[in-house]
Every structure is written in C-alpha cells, then in structure tokens.
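I opened this notebook page to keep track of what I looked up, one entry at a time. The entries follow below the display.

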Amino acid sequence: MKTKLGRLKKEKLIGALFDKGASIKKFPLILFYAPSAEWQSGVSVSKKLFKRAVDRNRIKRLLRGAIKQQWPRVSSFNVGPSNFMILYIGKTMPDFEAIDQAANTLFDKFLERIKNHENE
RNA sequence: AAAGCAGACCGCCUUAUCGCUGCUCAUUAUUGAGUAGAGGAAAGUCCGAACACCAUAGUGCAGCAUAGUGGCUAACGGCCACCGAUCGUGAGGUCAGGAAAAGUGCAACAGAAAGAAUGUACAGGUCAUGCUGUAGUGAAAUCAGGUAAACUCUAUGCGGUGCAAUGCCAUGUAAACCGGUGCUUGAGUGCGGCACGCACAAUAUCGGAGGGUAGGCAGCUAAAGUGUCAUGGUAACAUGACAUUCAGAUAAAUGAUAAGGGUUUCAUGUAUUUGAAAUACAGAAUUCGGCUUACAGGUCUGCUUUUUUU
C-alpha cells in the first residue's frame, strides 16, 4: 500500500511542532516531529543564516530532494503517521552529497525513535 | 589600427533519469496522459499611477515635494527637444539652472577695515572733515556687493491607509467579568499632526485581564499587455493594421543528478591539440510606468581623436 506525503502548510501546526514536538539533531540538520493523522513534511532555512533568497531557495530544494529520497523507507516502515519539519542550521552553502548523507543518518535515528515510541 | 564617446541587446545550451506547481482530459478514491511554468534587474521599496476602503475627500494652518523654456504621458520628482552655465582637442558629459531693492544670518587666508564703515601714503579740494581720486589686500571694499545643497520668500503640486486593502463563506466564543466616559444640553468613532466642517452615534465606547479564530473562495492576473509593419513627429511619443495569449505559488512550484558541448582565461603548443580553472548579479507574491543599485563574459549600431597607407 502506498502512503501519501503531504505538504505541511498550516502555520498553527508548524508552531505546535516547534513548541511540543520532539527533535533530533544531526549537523547541519535538525528534525522536529510529532504524531499526526497523516504524513506531512516541511523544510525551513533561517533568514539570519542566509540573507539572499536564492540561497535559501536552493537549500530548501536540496532538503526536499533528500526527503524524497528517504520517503520510500519511511512509508514502508509500518509506523503511525507523523508531521515533521527539517531545518538547516549550517552556515555555509552545502552540496547535494552532504545533505543526502546527513539526511540518511537523520532518518535512521528518526525511524528508530518513533519505533520505540510505538512499542511503549 | 589604437584609444575613446553614446545607444541597443544577449546573459549558457543539449540529452537522459528522478521530482515539484497550475490548468485540461481521462480514470476513479488512487493514479495516468497532455500542456505551461522567474528577471533584466523579479532587488532597493525611492517616486508616480491603477484598484480598494475611509466622506464622490471639503476649508484653513502646519508639513512635505518640485524649480530655465516648450513638449510627451494615465501620472510623475520620469522621458524628449531647445536655451544657458560648466568640463573635455573632440564625439559628448555634468548641473540642488526661480527670487539677494522683504527680513534675519554667514564669510577661511590676506587686509587698517568684510557689511560696521573708515585708516595709511601721494595728489586734488575745503573755513574744516575720508570730501574726491589713485595706490595697496582680496573673488568682493558703498556697488541696490556675494551666499538661498543657510533660514526665508515666490510659484506649482500633494487627504490618509494599503491586496495582511476589500467582499463572501465556514468554524468557534463571552451580549460573561473589572474599571473609566457617555446616553440627545453629544462621550466617542471615521486607521499619526492641529483647528473647522461633515457623517455616524446609545444593548454605545475606551482601557484591563481573559477566551476564540488565524481555514477556504473571490480580489488574482487579457493588460495604460506583447510582437511585427505602416503613417505622422527632430525626438519622447501618438494613431492604425495584422498577429498573439505569455507563472499564479501561499512555511510559498519553476528543481536535483549524470554525460556531452559552448564561451572566456592560463599553461602546453603552433595546420587548433592536450590539461586546468572560471561561467556573473540574482528568485515572481495585486498590477503597471519610471528611478536607483548589483552584474562573469559577450554581440551589434552610430560617432570622435590620433597615427599609418592610398
């Protein structure tokens, strides 16, 4: 069965995620997540770290690309759906490879964590 | 040929694989197919408008902006032409280019003296005196001086807030509580000044503490649109004909990876081979017209000066 990954676009949900959601860090990324009715994802880059819109757009596209790569693993993992949000916290411009590797370890941790939650 | 001036334009391409957003058509409750998908500055948010609401936005003050003349434009603080000043051999560049007999202020150095008037030398003149001339300092010395990127004055223009405008639908609550003001002899409100005026105004309004919502649709992209040609005009621009439909996202689509090829620079090399590096500034958010700033590299057009050749 295929599960759909929606976009996280409700401001309220995002606010709640930052306030109450759990977080996992793997430099240069942070992942916030919380259980939810359906799978939704979002990405963000601080305006303070990257002043130009072009740079922020590029990083966000790289992050979305990375999520796309990881998605088959997550959807077939057989856990309850969650909302999650990835932030970029590095200060230099990354390349695709760096993001991809970081995302890989990040999702390893993520899946392990929610698996444990389910078992409790 | 070299150096330079002005204007216009381009600003990486191709293929494959994996994706994103809108629309259309299928299929159906999950997909598939087709198609379109960032810029010359999308930027700064500095001007001007359209559009929306507040009174069809009114009067005075305050405040702000502009400043040769004429034209263009929906409008402008923009653009075009001409005049003037100024810089350049020149093509051309630059200009905060209204008023100094309304008033106030300011002026380094030099100089006796800088807006107050008057000193020295020589000469002239007088009853007498800087009364007159010349010399001397300076950009300027009584001349209706200079200065308005000093106040000021004059002329002209300007109401405010912005698409988070505004309208509708959905959801939810609290017409609860405390304090102030006011109830037709008028508190307050009408989205930053003051006064007037106008409109609304009593289950009203302001403040406190607290609760709820912050989702969707319209506005939202066919327009002062874009391209070509013709005509008028020195030009900005206008008129006409034909063709054309060209992003609409909302934690915000327009991308990632690989291979090949361009272009430029450097090295090697000398029938353009091989290698390396670079490939800019930058990302739509209601929409237009400008201005300003950023920009690897390149193309085209017109013109100027110098030198050489004929």
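I began with Arg-52, which comes out at 53% relative accessibility and therefore counts as exposed, keeping in mind that I am working from a predicted model.

I then asked which side chain Arg-52 meets in a salt bridge. The partner is the side chain of Asp-55, with 3.2 Å from N to O, and a search of the whole structure gave me 1 salt bridge.

I placed Asp-55 in helix 2, and, once I had set aside neighbours within four places in sequence, I found Asp-55 in contact with Phe-50 and Met-93.

Arg-56 has 14% relative accessibility and so counts as buried.

I listed what Arg-56 touches when residues up to four places away in sequence are not counted, and wrote down Val-45, Ser-46, Lys-47, Phe-50 and Lys-51. For Phe-50 I also looked up a distance between atoms: its backbone oxygen lies 2.9 Å from a polar atom of the Arg-56 side chain.

Last, I checked how Arg-56 is placed relative to Pro-35, which is 21 residues away along the chain, and I recorded a separation of 28 Å between their C-alpha atoms.

Key
Residues are numbered from 1 along each chain as its sequence is written. Chains are lettered from A and ligands numbered from 1 in the order in which they are written. This is a predicted model: local features need pLDDT of at least 70, side-chain atom pairs count only at pLDDT 80 or more; totals for chains, interfaces and linings use all residues. Side-chain values use heavy atoms; hydrogens and water are left out. Buried means under 20% relative accessible area, exposed over 50%, partly exposed in between (1.4 Å probe, protein chains only). Contact means heavy atoms within 4.5 Å. A polar contact is a pair of N or O atoms within 3.5 Å; within protein, one must be able to donate a hydrogen and the other to accept it, and residues adjacent in sequence count only if both atoms are side-chain atoms. Helices (H or I, at least four residues) and strands (E, at least two) are DSSP runs, numbered from the N terminus. A salt bridge is a side-chain nitrogen of Lys or Arg within 4 Å of a carboxyl oxygen of Asp or Glu.
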